[in-house]
Amino acid sequence: MARQKELKLYRNIGIIAHIDAGKTTTTERVLYYTGKKHQIIEVHDTKDGKASTTTDYLEQERKRGITIQSAAVSTEWKGYQINVIDTPGHVDFTIEVNRSLRVLDGAVVVFDGVAGVEPQTETNWRLANQYNVPRLCYINKMDRMGANYAHCVKGIRERLGANALLCQIPIGSQDEFVGMVDLVAGCGYIWSSDDKDSEWETVPLDQLQGRFNFSVPTDADWITQIPKLRQEMLETALALDDDAFMQLVETGEFDPAVLKACIRKGSVTGALVPVLCGSSFKNKGVQQLLDAVIDYLPYPGENGGISLVDVDGNVVGEQVVADDAPSRALAFKVINDQFGSLTFIRVYSGVIKKGDSLMNVTRSKKERVGRIVEVQANVTKDIEEARAGDICALVSMRETETGDSLCDPAHPALLERMRFPDPVISVAIEPKTRGDSDKLSAAIYKMAKADPSLRLHVDHETGQTVLRGMGELHLEVTIDRMRTELGVEATMGKPKVSFREAFGTPVEHIYTHKKQTGGSGQFAEVKVSFEPGEPGSGIEFIDEVVGGRIPREFIPSVEHAILTESKSGQISGYEVVDFKARLLDGKFHEVDSSALAFEIAGRACFREAHRLSRPKLLEPIMRIEVVVESTYLGDVIGDINRRRGQVTDQGQKGPSAFVQGFVPLAEMFGYINFLRSATSGRGTFTMEFDRYSEVPSGLVDQILVKDGR
Ligand SMILES: Nc1nc2c(ncn2[C@@H]2O[C@H](COP(=O)(O)OP(=O)(O)OP(=O)(O)O)[C@@H](O)[C@H]2O)c(=O)[nH]1
Ligand SMILES: [Mg+2]
């Protein structure tokens with residue numbers, strides 16, 4: 001089968017933002033205006049469980065009115081195939097944004113016109129920078145009381161550091177928001193009502209002056225400033241084309257096609273970011289946003305191919321996006337239910353057909369492609385093949401997990417990896433009834449496999465199953481989804497901080513394991529040097545034994561022993577991270593030495609060395625932002641200091657005040673209760689993981705007791 005649609009007519013885009021900016025509401029409009037659905041469902045009308053937006057179909061999403069998992073939908077606009085992924089804004093589900101950005105070609109960043117740049121917008125913006133994803137800014141909610149375009153643009157420039165190109169400016173704000181000026185096309189669009197089927201009137205720029213009588217003075221300023229803002233936009237955009245820029249300077253004229261080409265070039269390369277506005281809820285600006293997606297966001301491969309890496313993650317080449325190349329795809333999401341699994345892939349090159357054999361290069365395992373499906377939120381449709389640029393899903397893969405590379409077996413290659421966030425909170429999980437107990441471990445394992453920001457382990461001391469995740473909501477939702485999707489019920493203990501341990505100082509240690517039991521004995525001696533490493537450097541084992549002082553076959557036992565023992569440190573049994581272990585020397589006995597003896601020696605050597613190193617306890621430090629009325633600012637700052645926190649910035653945000661800073665997670669449990677009572681329920685806060693840092697030695701005992709250790 002030949003390609004149905006030229007690659008240039010594809011757009012794979014993500015919608016990303018802070019929680020509640022209006023991503024799902026916008027996606028719902030996109031589906032309506034492109035003719036994919038005939039009714040719009042509002043996010044806040046789904047709580048009774050009867051209706052659902054297309055992308056927030058999970059029971060947990062409908063009940064809470066928030067997006068929890070990213071959902072993909074496809075539609076067509078003006079002959080272009082647009083694949084959209086609606087992502088969650090809540091920080092606990094950041095993995096969903098992470099994996100979507102990894103496989104998408106462009107993103108629409110949505111802003112709440114009142115709040116402007118919010119913490120999770122910054123986080124998602126940084127992620128998009130890391131994955132080099134071109135984006136558009138869409139300042140939504142211009143109809144809300146307090147909407148302020150200038151404040152939002154300032155935030156985009158100053159807090160996100162973006163070279164914002166104002167392609168639109170609003171006509172009015174709040175309940176006088178009637179449309180926008182398109183500075184690129186040189187006209188205004190004015191809607192006569194908020195109705196979803198209301199058409200807009202296209203008005204020449206010179207007819208906008210004097211037409212309105214806005215109650216907010218700055219709204220009138222925007223209209224007065226149109227000629228100046230248009231000139232600025234032209235100069236910034238045309239600066240990307242020397243001839244066009246000269247023409248503008250010398251004659252004041254420009255070719256509209258060249259102007260669009262310049263904005264596209266700037267946007268695709270990341271040199272500038274087009275800014276648009278609208279109100280999705282009041283049905284204004286969504287069609288214009290779709291036009292901008294086509295005009296300014298790249299088609300698959302336009303921005304270069306995908307990096308190929310070696311096993312250590314070093315870039316070793318690039319795969320161009322093309323059909324006539326070996327098949328190469330990345331698995332970015334796995335969904336399980338009682339009936340099986342769906343593995344979402346992004347095909348970068350080649351054509352993958354039903355019945356093909358692929359190589360999972362990450363795991364060196366063969367996979368057969370049984371069925372390929374196109375996914376529309378929760379509805380699947382069988383297709384025969386998937387081509388370069390496509391996003392689709394494979395049914396019932398056996399070996400493949402999130403982040404794995406799937407390739408033509410004759411041309412194996414590893415595609416650039418995904419980065420997974422660190423889980424910081426842990427809870428103990430118990431089966432709800434005895435009937436659930438057999439099924440629990442399989443079910444929780446499935447949940448963890450589908451979500452790389454969850455980690456699972458069994459506490460050897462207590463025998464408890466411990467689940468680690470990004471936050472309380474993340475863990476709660478996981479347990480609830482296990483019930484609705486896999487039919488297994490569990491209860492959760494109190495959430496605890498996921499502490500870590502580290503070596504305090506370098507230690508060189510010798511351990512001799514010697515045991516004489518009847519006839520045969522056990523003997524092994526190891527000398528290991530342990531050195532603390534940089535945060536995030538991981539664990540490295542280096543074999544420096546010379547002259548066969550430990551026979552080759554026993555060395556893996558020492559390495560295994562150290563890695564296993566590092567799961568449980570000497571302060572309080574937390575994982576020991578970031579160290580280098582060098583096996584320097586040792587002794588063995590012809591008869592009495594064995595793999596087991598070296599394993600025992602390795603473990604004991606690690607334990608003793610860790611204890612001798614004056615070990616450190618590390619705790620997660622969260623970046624927080626609190627938004628309150630100015631009168632409460634003093635109380636909030638005093639409280640942050642009492643929680644061992646540090647305030648880094650404070651100021652005005654629209655009518656409210658904000659405080660930013662860092663606070664240890666251990667001090668943040670129940671913070672919402674404090675904030676509610678201190679601010680009569682009007683304060684809000686967000687927090688996200690920033691880094692691990694050492695707990696002051698004088699506080700270690702006190703903190704562990706508080707955490708229930
Ligand atoms: N006034 C106004 N409200 C809006 C607009 N867009 C969305 N909303 C409302 O804002 C709330 C949140 O909208 P959602 O679309 O769920 O926001 P989201 O960005 O998808 O949120 P998460 O997925 O949970 O991060 C809903 O009550 C919407 O009706 C808008 O343009 N104007
Ligand atoms: Mg949403």
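In the predicted model, Lys 284 is found in the loop between strand β11 (273-277) and helix α10. Its relative accessible area is 2%, and Lys 284 is therefore buried, since the term applies to values under 20%. A polar atom of the Lys 284 side chain lies 3.3 Å from the backbone oxygen of Lys 282. Leaving aside residues up to four places away in sequence, Lys 284 touches Tyr 138, Phe 177, Val 178, Gly 179, Met 180, Trp 191, Ser 193, Asp 194, Gly 278 and Ser 279.

Helix α10 covers residues 286-296. Nine of its eleven residues are buried, so helix α10 is largely enclosed by the rest of the structure. The buried residues are Val 286, Gln 287, Gln 288, Leu 289, Leu 290, Ala 292, Val 293, Ile 294 and Tyr 296.

A metal site was examined next. The magnesium ion (ligand 2) is coordinated by the OG1 atoms of Thr 24 and Thr 67, at 1.9 to 2.0 Å. These two residues are 43 residues apart, and the pair links distant parts of the chain. Thr 24 belongs to helix α1 (residues 23-33), while Thr 67 is in the loop between helix α2 (59-64) and strand β2 (71-77). Thr 24 counts as buried because its relative accessibility is 7%, below the 20% limit. Thr 67 is likewise buried, with a relative accessible area of 8%.

Another threonine, Thr 54, is found in the loop between α1 and α2. Its relative accessibility is 18%, so Thr 54 also counts as buried. The side chain of Thr 54 makes a polar contact with the side chain of Lys 37, at 2.8 Å. When residues up to four places away in sequence are not counted, Thr 54 touches Glu 28, Leu 31, Lys 37, Val 73 and Ala 377.

Two packed helices are described by the angle between their axes and the distance between the axes. Helix α3 (residues 94-103) packs with helix α4 (residues 119-130) at an angle of about 30°, and their axes are 10 Å apart. Angles under 35 degrees count as roughly parallel, and α3 and α4 are therefore roughly parallel to each other. Their crossing is right-handed. On the α3 side, the residues that meet α4 are Thr 94, Val 97, Asn 98 and Leu 101. Their counterparts in α4 are Gln 120, Asn 124, Leu 127 and Ala 128. An α-helix has 3.6 residues a turn, so residues three or four places apart point the same way.

For helix α7 (residues 226-238) and helix α8 (residues 242-251), the axes come within 8 Å and cross at roughly 150°. This angle makes α7 roughly antiparallel to α8, a description used for angles over 145 degrees. Gln 231, Leu 234, Glu 235 and Leu 238 in α7 meet Ala 244, Phe 245 and Leu 248 in α8.

The remaining pair consists of helix α15 (residues 633-642) and helix α16 (residues 671-678), which pack at an angle of about 155° with their axes 11 Å apart. Helices α15 and α16 are therefore roughly antiparallel to each other, and their crossing is right-handed. In α15, Asp 635, Val 636, Asp 639 and Ile 640 meet Tyr 671, Phe 674 and Leu 675 of α16.

Notes:
Residues numbered from 1 in each chain as written. Chains lettered and ligands numbered in written order. Predicted model: local features only at pLDDT ≥ 70, side-chain atom pairs only at ≥ 80, totals over all residues. Heavy atoms only, no water. Donors = N, O, S within 2.8 Å, 3.2 Å for Na, K, Ca; no water. Helix = DSSP H or I, 4+ residues; strand = E, 2+ residues; numbered from the N terminus. Buried < 20%, exposed > 50% of the residue type's maximum accessible area, 1.4 Å probe, protein only. Polar contact = N/O pair within 3.5 Å; in protein donor to acceptor, adjacent residues only side chain to side chain. Contact = heavy atoms within 4.5 Å. Axes fitted to C-alpha atoms, helices over the stretch in contact; angles between N-to-C directions. Parallel < 35°, antiparallel > 145°, perpendicular 65-115°, else oblique. Left-handed = near helix turned anticlockwise from the far one by under 90°.
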